[in-house]
Amino acid sequence: MDLGSVPQDTSPTYGGQRKLLYAVDENGNYTGVQSQGWEPETQATLTAVAELDRLRDDAWRRAAAGQTSALEFHMFDRRMEFDTLAATTGLWRWRIRRHFDPRRFAKLSTALLARYADAMGITVEQLRSVPPLPKE
Amino acid sequence: MSHALNKSFVHRQSAHCESGVVSAMMTHHGIPMTEPMAFGLASALTFAYIPFVKMAGMPLIAYRMPPGAIIRAMQKRMGVKIVRQKFRDPKAGMAALDEQLAQGRIVGLQTCVYWLPYFPEPMRFHFNAHNMIVYGKEGDEYLVSDPVFEGPVRCPAAALEKARFAKGAMAAKGLMYYPTQMPSSLEHAKLIPDAVRRNCRTMSYAPVPIVGIKGIRYLANNVVKLGRKNDPSLNLYLSHIVRMQEEIGTGGAGFRFIYASYLQESAKLLGNHLLADASKQMTAAGDEWRRFALQSAKMVRGRTEMNVETLAGILNTCADKEAAMWRSLRVV
């Protein structure tokens, strides 16, 4: 990549930061150069974020309808999915799946709730319910 | 202890976290080193497509060796003595960090990106193997040199503890590391050819079809397969490849430009024209990877018609170019 073709498509995902890329100057020498973003990359990041948001909103609707527990909403809200939650809590996947049942979830001990809450970085109180509306 | 600072430490922005940390540590301890040199000497370039390891439901695609490879190379190849410590108790891990800072050391840490508040929101994913240097503490805040950021940043103690001790895949378990003994100098005439040969092996002669040049072709076939099936996840899948290739610190084109820069620097150091030629070939391969990202983004957006054969064709061209480059380096 030539210095001249280093993209500067100001990206909302960089939060005002610039990233370092390596490119070739007019004498053929490599040099580090800062970039404000590249459209294809931004799009890829936003696609991944949008997918997580879609899962979260879907879980929110089902939780509101009583079809799943608040746990599933919070899992996606913290940008986790099944595997991540299982790994970070150290619980079996099938156990977590059972806790997606609202009735079972309501009966969970505080200790187990605290384990979930801790892995997600929220309080047990927050974990017990879903917020009124999805964020944003 | 609430105040400690290493005044002589200079932050330098890097493309990739681990090579950034290693080059900054080497430089700080008296052996000036560029980021591409740290990356190249570790033979850190690779390609791997691992369908049975899923990250958020997507296959693992790696353009570099697994986390820790560059730090290990600093130890094994460059002859630096390093202390590496993990902790069961987070409080003990934070206390040990404070103790080293109080002695004026700079300390490398492995952390989880999601819990680092200074990261822009859209970049905060659960990725456990992010490296950084801590060079001081002021009150309740740590002074952090995060290599992928433009300048030094600050991180509250509670957040840093969470980031160091996040559990899950590749959990850091509070890993911290710092050099205790440096070599007097580096013998580039031996280190560089060794590193290039090692890298040539992983790219050209991997015993499994999902690593190296073969791995790139395997990915190309998979793109075609998904496209023919009209799989609804095709767009997500293509975006995932582009993310792995460009997002969070690859220096562009999945580390291909960093490696080309390393080859060029090595060529100058050793006066070796083979390496200089190889650098140009690697740049051309990198440009092809960028073309893949651009084309696939256009197709995902619907600006051009989706054509998986075209995309696979570009990937196979990447494979051809890289294969030819490594062949030319067999005799280095």
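Reader: How many Å separate the centres of domain 1 of chain B and domain 2 of chain B?

Author: In this predicted model, the centres of domain 1 of chain B and domain 2 of chain B, taken over C-alpha atoms, are separated by 31 Å. The assignment places residues 3-16 + 81-176 of chain B in domain 1 and residues 188-328 in domain 2. Contact between two residues requires C-beta atoms within 7 Å, and the contact between these domains takes 4 residues from domain 1 of chain B and 5 residues from domain 2 of chain B. On the side of domain 1 of chain B that touches domain 2 of chain B, 3 residues are nonpolar, 1 is polar and none is charged.

Reader: Why is chain B called as compact as a globular protein of its length?

Author: The globule rule gives 20 Å for 332 residues, and the radius of gyration of chain B is 21 Å, which is close to that value, so chain B is as compact as a globular protein of that length. The chain has 11 helices and 9 strands, and its C-alpha atoms fill a box of roughly 60 × 50 × 30 Å along the principal axes. Of its 332 residues, 50% count as buried. Among the contacts in chain B with a separation of 6 or more, 69% are between residues 24 or more positions apart.

Reader: What radius of gyration does chain A have, and what would a compact globule of 136 residues have?

Author: A compact globule of 136 residues would have a radius of gyration near 14 Å, whereas chain A has 21 Å. Its C-alpha atoms fill a box of roughly 70 × 30 × 25 Å along the principal axes, and buried residues make up 35% of the 136 residues. Residues 24 or more positions apart account for 51% of the contacts in chain A with a separation of 6 or more. The assignment divides chain A into domain 1 (7-37) and domain 2 (46-128), with 38 Å between the two domain centres, taken over C-alpha atoms. Chain A has 7 helices and 2 strands, which follow one another along the sequence as β-β-α-α-α-α-α-α-α.

Reader: How do you know in which sense strands β1 and β2 of chain A pair, and over how many bridges?

Author: Two strands count as paired if there are at least two bridges between them, and strand β1 (residues 19-24) of chain A and strand β2 (residues 30-35) of chain A have 6 bridges, in the antiparallel sense. K19(A) stands opposite S35(A) in β2(A). The hairpin of β1(A) and β2(A) has 5 residues between the strands, and G28(A) takes a positive phi near 85 degrees there.

Reader: What makes β9 of chain B a partner of β5(B), and how many bridges join them?

Author: At least two bridges are needed for a pair, and β5(B) and β9(B), which run antiparallel, are joined by 2 bridges. Strand β9 (residues 176-181) of chain B also pairs with strand β4 (residues 81-85) of chain B, in the antiparallel sense over 5 bridges. Y177(B) in β9(B) has R84(B) standing opposite, and G108(B) also stands opposite Y177(B).

Reader: Why are the buried residues of α5(B) said to lie on the same side of that helix?

Author: In helix α5 (residues 157-164) of chain B, the residues L160(B), E161(B), A163(B) and R164(B) are buried. They cover an arc of only 165 degrees around the axis, which puts them on the same side of α5(B). The buried residues of α5(B) pack against α4 (90-102), β5 (107-111), β7 (141-145) and β8 (153-156) of chain B.

Technical notes:
Residues numbered from 1 in each chain as written. Chains lettered and ligands numbered in written order. Predicted model: local features only at pLDDT ≥ 70, side-chain atom pairs only at ≥ 80, totals over all residues. Buried ≥ 20, exposed ≤ 12 C-beta atoms within 10 Å, placed from the backbone. Helix = DSSP H or I, 4+ residues; strand = E, 2+ residues; numbered from the N terminus. Arc of directions from axis to C-beta. Domains from an automatic or database assignment. Nonpolar A, V, L, I, M, F, W, Y, C, P; charged D, E, K, R; others polar. Rg over C-alpha atoms; globule rule 2.2 N^0.38 Å.
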